[in-house]
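User: Hello! I am new to this structure and would like to get to know it step by step. Could you take my questions one at a time?

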Amino acid sequence: MAVDSAISSPLGPPACEKDAKALRFIEEMTRNADSVQERVLSDILTQNSQTEYLRRFKLNRATDRDSFKSKLPVIAYEDLQPEIQRIANGDRSAILSAHPISEFLTSSGTSAGERKLMPTIKEELDRRQLLYSLLMPVMNLYVPGLDKGKGLYFLFVKSETRTPGGLLARPVLTSYYKSEHFKTRPYDPYNVYTSPNEAILCPDSFQSMYTQMLCGLQDRHQVLRVGAVFASGLLRAIRFLQLNWRQLSQDIETGTLNQKVTDPSLRECMGKILKPDPELARFVRHECSKESWEGIITRIWPNTKYLDVIVTGAMAQYIPTLDYYSGGLPKACTMYASSECYFGLNLNPMCKPSEVSYTIMPNMAYFEFLPHDPNSAGFTRDSPPKLVDLVDVEIGKEYELVITTYAGLCRYRVGDILRVTGFHNSAPQFHFVRRKNVLLSIDSDKTDEAELQKAVENASRLLREFNTSVVEYTSYADTKTIPGHYVIYWELLVKDAANSPTDDVLKQCCLAMEESMNSVYRQGRVADNSIGPLEIRVVKNGTFEELMDYAISRGASINQYKVPRCVNFTPIVELLDSRVVSTHFSPALPHWTPERRR
Ligand code: AMP
């Protein structure tokens with residue numbers, strides 16, 4: 001029931017006192033976006049005034065925007081590589097941040113094939129926690145009664161390593177789930193999960209998924225929302241159920257736990273949760289053995305009000321499949337965040353995916369916006385970019401996000417392109433357009449054009465002894481299967497038909513391409529099972545010329561035509577598929593270890 005109107009919020013009547021406070025905070029931050037930004041910048045510059053980085057640019061303790069903007073360069077990850085390497089190697093001096101670097105967060109964005117390392121400080125955890133604490137109060141405005149049941153969320157930790165200097169390096173969510181903020185979170189009736197912490201924190205992805213699914217099935221009538229971080233993760237859970245429902249039903253029937261779950265603390269915890277329930281086991285078997293899995297989510301969890309998954313950006317490709325499995329349940333994209341910094345939240349989370357806008361919270365970092373012109377060649381030293389402040393962005397325009405964080409990133413280009421859709425008070429709201437330079441993505445992997453080119457070059461070396469070369473290629477992220485996989489179309493020039501490459505050789509080419517991919521891709525293949533084997537589809541000679549003819553018939557200029565290195569327009573994919581002469585899949589997993597190569 002909504003609390004009385006005295007504490008009502010312009011966003012709507014809060015569900016409880018705690019929500020009222022959170023909504024008031026959102027109002028306060030967004031009403032005063034510019035002054036909050038000014039204070040944040042001043043705080044960051046004061047806190048870090050004696051760091052090597054700020055001293056290098058002779059900021060002389062200035063904390064105002066003009067000095068900051070005139071003295072500090074806009075940078076990308078590669079510009080910080082030397083400083084980051086020193087920190088990783090154990091240099092504890094105040095290089096980027098006055099506060100000690102507590103750990104590195106490993107981004108899914110890569111540099112030279114390895115995850116980018118983002119230095120972070122302890123207090124950033126509080127800031128992330130603060131953003132999380134705003135999500136349910138907003139959701140409760142749109143979906144009443146979420147305190148009457150539970151959330152089935154598939155959440156996972158990933159492997160962590162240490163840098164040569166001894167700092168932990170791990171993904172931001174792993175850091176969060178392992179923190180006391182998460183592990184000892186106070187009971188909140190609006191935020192009860194079916195998964196026990198032991199299941200979420202189990203490092204083995206099979207055991208973790210198995211027990212989370214088991215708990216979700218056992219609590220099926222109480223589940224009011226089903227989620228994962230990204231859409232691909234939720235679909236992986238559905239696939240897991242397809243592969244494991246027999247064993248899961250067996251466990252439910254007998255109230256015992258599959259021997260494949262070996263983690264002692266997880267076994268102990270599940271021992272207390274599991275109860276024999278033959279009727280539920282019968283139900284699960286009945287539903288899962290049906291030929292069609294259409295609407296399976298709502299069949300098994302009939303009280304689900306929405307799916308809580310990100311379906312913006314690269315994840316939009318999964319919307320039709322999610323709709324199929326859930327009978328078109330609403331898909332809530334609640335927040336926009338990264339390893340570098342958590343940015344903001346969606347104030348209208350039940351809107352259609354195409355209408356999702358994220359409101360950047362001005363207290364999280366200092367934000368600047370680089371006007372994005374897809375046709376410009378970029379900027380040079382002589383023509384530095386003109387960055388715009390948070391409150392000065394214009395509706396309809398696209399910008400690249402640039403951040404200055406408490407942890408010491410200064411005027412750092414995140415690589416995301418955003419379009420302004422409106423304002424909440426004086427805080428702008430952004431549609432996530434895309435991440436720069438990403439050609440292919442299935443899960444959290446991001447492969448750019450240069451990486452794909454290199455992979456094709458490396459693989460095509462295997463064709464030399466067959467006097468064969470790759471004359472043209474393009475690619476496609478095939479998400480019709482779960483997990484999805486990369487498809488690479490090759491047009492070959494075979495000079496000696498009697499000695500053309502065999503299926504075996506082309507399979508090895510698939511594997512060679514996978515070995516060339518960045519570590520996030522290889523981790524997805526090896527550890528997370530979130531990406532399926534890469535496939536090469538060899539097309540008939542002349543196919544790429546047809547592709548060009550098609551593009552020209554649709555208005556492309558013949559002089560400027562370039563072969564697209566990734567295709568997703570259905571008629572083009574269909575054209576390519578209709579010319580396929582053979583298909584080949586990677587026969588093995590590429591190499592991957594948690595350790596970094598450099
Ligand atoms: P990572 O550094 O691995 O944490 O990845 C962060 C990146 O994921 C962001 O910079 C975005 O490109 C992408 N991302 C995060 N949240 C969203 C969202 N809600 N919608 C679309 N893309 C997102």
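Predicted model: local features only at pLDDT ≥ 70, side-chain atom pairs only at ≥ 80, totals over all residues.

Analyst: Here come some questions and answers about the model, from the whole chain down to single residues.

User: Thanks! How many helices and strands are there in the protein chain?

Analyst: Both are DSSP runs numbered from the N terminus: helices (H or I) have at least four residues and strands (E) at least two. On that basis the protein chain has 20 helices and 20 strands.

User: What radius of gyration does the protein chain have?

Analyst: This radius is taken over C-alpha atoms, and the globule rule is 2.2 Å times the number of residues to the power 0.38. The C-alpha atoms fill a box of roughly 80 × 75 × 50 Å along the principal axes. A compact globule of 598 residues would have a radius near 25 Å, and the protein chain agrees with that, at 25 Å.

User: What percentage of the residues in the protein chain is buried?

Analyst: Buried means under 20% relative accessible area, exposed means over 50%, and partly exposed lies in between (1.4 Å probe, protein chains only). Of the 598 residues in the protein chain, the buried ones make up 55%.

User: Which strands are at the edges of the open sheet of eight strands?

Analyst: Two strands pair if DSSP finds at least two bridges between them. The order in this open sheet is E9-E10-E11-E16-E15-E14-E12-E13, and the pairing is antiparallel. Pairing on one side only marks the edge strands, which are E9 (335-337) and E13 (388-389).

User: In that sheet, which residue of E15 is the bridge partner of Tyr-399?

Analyst: Strand E14 (residues 398-404) pairs with strand E15 (residues 412-424) in the antiparallel sense, over five bridges. For Tyr-399, the partner in E15 is Leu-418.

User: Which residue takes a positive phi in the hairpin of E15 and E16?

Analyst: E15 pairs with strand E16 (residues 427-435) over eight bridges in the antiparallel sense, and Val-420 has Phe-430 in E16 as its bridge partner. The hairpin has two residues between the strands. The positive phi, near 55°, belongs to Asn-425.

User: Let us turn to E6. Which residue in E7 stands opposite Arg-225?

Analyst: Strand E6 (residues 223-230) is mostly covered, with six of its eight residues buried. Strand E3 (residues 150-154) runs parallel to E6, joined by five bridges, and Leu-152 stands opposite Val-226 there. E6 also runs parallel to strand E7 (residues 306-310), with four bridges. In E7, the residue opposite Arg-225 is Tyr-306.

User: Is Ala-231 buried or exposed, and how far is its C-alpha atom from that of Tyr-318?

Analyst: Ala-231 is found in helix H11 (residues 231-254), and it is buried, with a relative accessible area of 0%. Contact means heavy atoms within 4.5 Å; beyond its neighbours within four places in sequence, Ala-231 has contacts that include Val-309, Met-315 and Tyr-318. Ala-231 and Tyr-318 are 87 residues apart along the chain, and their C-alpha atoms are separated by 6.4 Å.

User: Why is helix H18 described as largely enclosed, and what do its buried residues pack against?

Analyst: Helix H18 (residues 519-526) has seven of its eight residues buried, so it is largely enclosed by the rest of the structure. Among those buried are Tyr-521, Arg-522 and Gly-524. The buried residues of H18 pack against strand E1 (103-111), strand E2 (114-120), strand E18 (485-494) and helix H17 (503-516).

User: Which residues does a cis peptide bond join?

Analyst: Most peptide bonds are trans. Here, the loop between strand E17 (468-478) and E18 holds Pro-483. The cis bond has an omega of about -5° and joins Ile-482 and Pro-483.

User: Last one: is Asn-60 buried or exposed?

Analyst: Asn-60 is found in the loop between helix H3 (52-56) and helix H4 (65-71), and its phi is positive, near 50°. With a relative accessible area of 64%, Asn-60 is exposed.

Technical notes
Residues numbered from 1 in each chain as written. Heavy atoms only, no water.
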